[in-house]
Amino acid sequence: MKATGHLMPLILNRENFRLAWLKVRKGKSLSPAVLLFQQNLDKNLEDLRRSLSDGSLKLGQYRSFQIFDPKPRLICAAHLSERVVHHALMNILHDHFDRRLTGMSYACRSGMGTHSALLKAFNFSKNFSFFLKLDVRKYFDSIDHIVLKNQLSRIFKDPVLLAVLYGILDSYNTSPGKGIPIGNLTSQYFANHFLGEIDRLILGKGKVVAGLRYMDDIVIWSNAQDTLTRIFHEVFEKVNNLKLQLKPPIFGKTLDGVPFLGFLVKPFGIYPLRKTRMRFKKKAYSLGKNLQQEILNENSAGASALAMAAHLTLSRSRRFRYHVWQTFLGHEPCQTRR
């Protein structure tokens with residue numbers, strides 16, 4: 001697939017910047033930063049557009065904070081104006097990244113996501129006897145800037161656009177020349193694309209194997225263990241070429257269950273892993289406490305409970321959820337009774 005050029009005029013279009021602003025503002029219209037930016041909206045958008053055009057845009061103004069769900073992660077949120085630029089870029093670049101991904105990749109893509117990935121994994125587990133589970137060690141922190149820049153130059157050939165994308169990359173590092181920030185819109189696209197070579201390697205094996213990737217979580221299925229062993233060595237070499245490290249691989253029988261995205265996928269059902277159940281209990285306890293202290297009313301608590309339950313609805317967890325609601329809320333929210 002040839003590299004694409006002449007995209008900067010589309011990115012710099014005023015309507016594209018206005019659309020980017022609407023996306024950044026969505027759900028945050030009362031934020032002080034949003035209200036301040038909106039006071040001089042036209043001027044601020046025009047200043048951003050011009051600074052992106054002439055190369056004077058300041059990048060890398062991050063606000064860092066840590067989250068602990070599902071595991072400790074450092075989140076780096078870009079400055080509001082920089083987020084507008086990220087959206088302006090990806091409004092236009094989205095299709096160019098997406099068309100280079102295969103049907104094996106399910107993260108951060110329209111019409112896919114965790115539920116679709118789990119259903120696909122369930123289908124593969126019914127049709128194959130063995131699996132190989134792979135995971136990259138500290139994926140976002142380990143992405144090599146030079147390797148990623150080389151990949152980007154094979155997608156885009158506009159030097160101005162590449163300079164902007166390289167500038168976003170260079171604005172953050174966890175060690176010299178490595179790392180992209182968790183929390184950036186651009187990081188989702190970079191990270192999803194970075195392992196595309198692995199997808200093509202696996203899909204090139206034909207129908208003797210099946211594969212799924214959710215960002216850096218990779219599962220490969222086959223009816224022959226030796227096939228999975230050979231593929232592992234090929235993937236290992238490819239990952240080394242990308243200057244990444246794999247965690248110890250997990251080989252197993254599909255009958256015993258495939259650990260994937262917080263669930264155990266078996267040929268006859270999907271079950272939440274212990275860590276997923278514990279996280280659900282912790283959230284339910286917090287919800288019950290907020291309801292008891294009248295920090296939340298019944299409607300707000302019900303909406304939160306529905307959002308929590310939605311993550312588990314594909315799994316065999318009805319009895320577990322009922323028990324948790326009874327324990328921490330004293331009753332099951334009516335919205336979750338399915």
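Trainee: How many bridges join β3 to strand β6, and which way do the two run?

Mentor: There are 4 bridges between β3 and β6 (residues 250–253), and the strands run antiparallel. Keep in mind that this is a predicted model.

Trainee: Which residue of β6 stands opposite Phe 131?

Mentor: That's Gly 252.

Trainee: And what about β5, how does β3 pair with that strand?

Mentor: In the antiparallel sense again, over 6 bridges, with β5 covering residues 217–222. One facing couple to look at is Lys 133 and Val 219.

Trainee: Is β3 mostly covered or mostly open?

Mentor: Mostly covered: 6 of the 6 residues in β3 (130–135) are buried.

Trainee: Which residues sit on which side of β3?

Mentor: Phe 130, Leu 132 and Leu 134 are on one side, while Phe 131, Lys 133 and Asp 135 are on the other. Both faces are covered, and that includes the charged pair, Lys 133 and Asp 135, as buried residues. As a general point, side chains in a regular strand alternate between the two faces of the sheet.

Trainee: Switching topic. In what order do the strands of the open sheet with β7 come?

Mentor: The order is β7-β8-β9, 3 strands with antiparallel pairing.

Trainee: Why is one side of β7 and of β9 left without a neighbour in the sheet?

Mentor: Because β7 (258–260) and β9 (269–272) stand at the edges, and each has a single partner strand. Neighbouring strands in this sheet are turned by 30° against each other on average, ignoring direction.

Trainee: What packs on that sheet?

Mentor: Helix α6, residues 114–127, which touches β7, β8 and β9. The helix direction makes about 35° with that of β8.

Trainee: How is β8 tied to β9?

Mentor: By 4 bridges, with β8 (263–266) and β9 running antiparallel. Within that pairing, Val 265 stands opposite Ile 270.

Trainee: How does the lining divide into nonpolar, polar and charged?

Mentor: For the second largest pocket, 8 lining residues are nonpolar, 5 are polar and 4 are charged.

Key
Residues numbered from 1 in each chain as written. Predicted model: local features only at pLDDT ≥ 70, side-chain atom pairs only at ≥ 80, totals over all residues. Heavy atoms only, no water. Pairing = 2+ DSSP bridges. Axes fitted to C-alpha atoms, helices over the stretch in contact; angles between N-to-C directions. Contact = heavy atoms within 4.5 Å. Buried < 20%, exposed > 50% of the residue type's maximum accessible area, 1.4 Å probe, protein only.
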